[in-house]
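The following paragraphs lead a new reader through a single protein chain. Please keep the sequence and the model in view while reading.

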Amino acid sequence: MSNTIQEFNDYRSKMNEVILGKQNKVINRLFNLDTNTYAEGALSTKTKEMLGLVASMVLRCDDCIKYHLGKCHEQGISTEEMYEIFAVANIVGGTIVIPHTRRAAEYWEELNNQ
């Protein structure tokens with residue numbers, strides 16, 4: 001696994017443990033709701049991860065983009081599918097999403113090269 005990917009995953013896990021360990025009812029419920037939102041349902045987990053990625057790109061959250069890229073990779077999304085996802089995000093979000101697309105493309109390459 002690339003150092004960038006490992007560092008991101010390790011930091012995310014570490015800080016989630018810190019946050020959830022404080023036992024704040026609202027935060028813990030929010031994290032649980034997030035987890036359950038992406039579970040298999042009427043929409044597949046693959047579809048939900050693609051939707052999450054588009055929303056993250058439009059909202060310009062690089063951490064969220066990396067997270068959903070990793071999940072999309074786990075779901076077996078192809079590079080051709082990924083670039084269609086990027087296209088949707090750019091149409092919806094406008095040209096301000098282009099820098100995030102660059103970083104997303106770079107991270108996607110790293111995921112595929114691990």
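Helices here are DSSP runs of H or I with at least four residues, strands are runs of E with at least two, and both are numbered from the N terminus. The model is predicted.

Two packed helices are described by the angle between their axes and the distance between the axes. Helix 4 (residues 62–74) packs with helix 6 (residues 98–113) at an angle of about 35°, and their axes are 10 Å apart. The crossing of helix 4 and helix 6 is right-handed. On the side of helix 4, the residues in contact include Ile 65, Leu 69 and Cys 72, while those of helix 6 include Ala 104, Tyr 107 and Trp 108. By class, this contact of helix 4 with helix 6 comprises seven nonpolar, four polar and three charged residues.

Gln 23, in the loop between helix 1 (3–21) and helix 2 (25–37), has a positive phi of about 55° although it is not a glycine. Because its relative accessible area is 60%, Gln 23 is exposed. Arg 60, in the loop between helix 3 (45–59) and helix 4, is likewise not a glycine, yet has a positive phi of about 65°. Arg 60 has 40% relative accessibility and therefore counts as partly exposed.

Finally, Ala 87 belongs to helix 5 (residues 79–93). With a relative accessible area of 42%, Ala 87 is partly exposed.

Conventions:
Residues numbered from 1 in each chain as written. Predicted model: local features only at pLDDT ≥ 70, side-chain atom pairs only at ≥ 80, totals over all residues. Heavy atoms only, no water. Axes fitted to C-alpha atoms, helices over the stretch in contact; angles between N-to-C directions. Left-handed = near helix turned anticlockwise from the far one by under 90°. Contact = heavy atoms within 4.5 Å. Nonpolar A, V, L, I, M, F, W, Y, C, P; charged D, E, K, R; others polar. Buried < 20%, exposed > 50% of the residue type's maximum accessible area, 1.4 Å probe, protein only.
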